[in-house]
Amino acid sequence: MPMPRPNLKARAVEVNQRLSHAYPDARVELDFTNPFELLIATILAAQSTHVRVNIVTKGLFRKYPNAQAFANASQVEMEVDVKQTGFFRNKAKAVIACSKAIVERHGGEVPRTMAELVELPGVGRKTANVVLGNAMNIEAGIIVDTHVTRLSGRLGFTKHADPVDIETDLMKIVPKGEWTKFANRLILHGRRICIARKPDCPNCVLNDICPSAVLIKADPPSPAKSRARTARSATPPSPTPSRTRTSGSPPRRRRSTKG
Ligand code: SF4
């Protein structure tokens, strides 16, 4: 297995440090009071928002206070209870099946190992890492959700698309002990700054160490700006040297002047 390049490790440490200053209180944004609640909330959060899930789980955890209560629930009633989170038929099925397995195999307690967690219906490595890292303080791996996937690629930490491969790459360069916090910070940064469609590179604290800051194109110019550019191109060229990169010079980082 190839070893990670030292500069990649150093950059991962720097990214983590900067994000720790930007998001000092980063934590999973799902409400929970115990590992079981976080497990159920994480299953419900697929293709939904934490805001929506937190609204739903507020009443849900009152109605079904433990794994046994979830295990005894009827599919039809659970579908109504979780409907607002979307994909409610599959989610209702998953939370009931998962709860039954926890009751039957683990005496109603959420298991504390990755191997046991991923054997539960509806639970993959991502959900297991969320629960282990945030509710049990056990670092078995790194949470890889859609934000961590996107940012890991943009930051040059991985070339992979598969979550397990991405997690393996990250575990080589992020110091253990920081795995959960690193993922929580990356997720917040992905929600607030490095968003999928339009990353806010000019206002990003990672701008000068992110290899994608130069690659992501700015918004297309507005019609007014296009007209201004056309007018400028009609005037004689300025005597100032061109800023175009020559083949031998290092790449210049694009910096927006817009706030
Ligand atoms: S510089 Fe841009 S692409 Fe890189 S992490 Fe920041 S917002 Fe994302």
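How many of the eleven residues of helix α8 (residues 125–135) are buried? Ten of them are, so α8 is largely enclosed by the rest of the structure. A residue is called buried if 20 or more other C-beta atoms lie within 10 Å of its own, exposed if 12 or fewer do, and partly exposed in between, with C-beta atoms placed from the backbone. The structure is a predicted model, in which local features need pLDDT of at least 70 and side-chain atom pairs count only at pLDDT 80 or more, while totals for chains, interfaces and linings use all residues. Residues are numbered from 1 along each chain as its sequence is written.

The protein contains twelve helices and zero strands. Of the 259 residues, 32% count as buried. Among contacts between residues at least 6 apart in sequence, 62% join residues at least 24 apart; two residues are in contact if their C-beta atoms, placed from the backbone, lie within 7 Å.

The mean pLDDT is 86, and 80% of the residues reach 70 or more. This score is the predictor's confidence in each residue, from 0 to 100. Over residues 228–259 the pLDDT is below 50, and this stretch has twelve contacts in the model beyond near neighbours in sequence. Where pLDDT is low, the predicted coordinates should not be read in detail.

The buried residues of α8 are Lys126, Thr127, Ala128, Asn129, Val130, Val131, Leu132, Gly133, Asn134 and Ala135. Their cover includes α2 (35–44), α7 (114–117), α10 (163–173) and α11 (179–192). After α8 comes Asn137, with a positive phi near 60 degrees. Helix α2 is itself largely enclosed by the rest of the structure, because nine of its ten residues are buried. The buried residues of α2 pack against α3 (50–63), α4 (67–72), α5, α6 and α8.

Helices α5 (residues 75–82) and α6 (residues 88–106) have axes that come within 8 Å and cross at roughly 120 degrees. The contact is formed by Gln75, Met78, Glu79 and Val82 of α5 with Phe88, Arg89, Lys91, Ala92, Lys93, Val95 and Ile96 of α6. These residues divide into six nonpolar, one polar and four charged. Here Ala, Val, Leu, Ile, Met, Phe, Trp, Tyr, Cys and Pro count as nonpolar, Asp, Glu, Lys and Arg as charged, and the others, Gly among them, as polar. Axes are lines fitted to C-alpha atoms, for helices over the stretch in contact, and angles run from 0 to 180 degrees between N-to-C directions.

Not counting residues up to four places away in sequence, Val148 touches Ile143, Ala183, Leu186 and Ile187. Leaving aside neighbours within four places, Leu19 is in contact with Arg185, Leu186 and His189.

Around the ligand there are 14 residues, of which Cys194, Pro199, Cys201, Cys204 and Cys210 come nearest. A residue is near a molecule or strand if its C-beta atom, placed from the backbone, lies within 6 Å of it. The shell around the ligand divides into ten nonpolar, two polar and two charged residues.

Definitions and conventions:
Helices (H or I, at least four residues) and strands (E, at least two) are DSSP runs, numbered from the N terminus.
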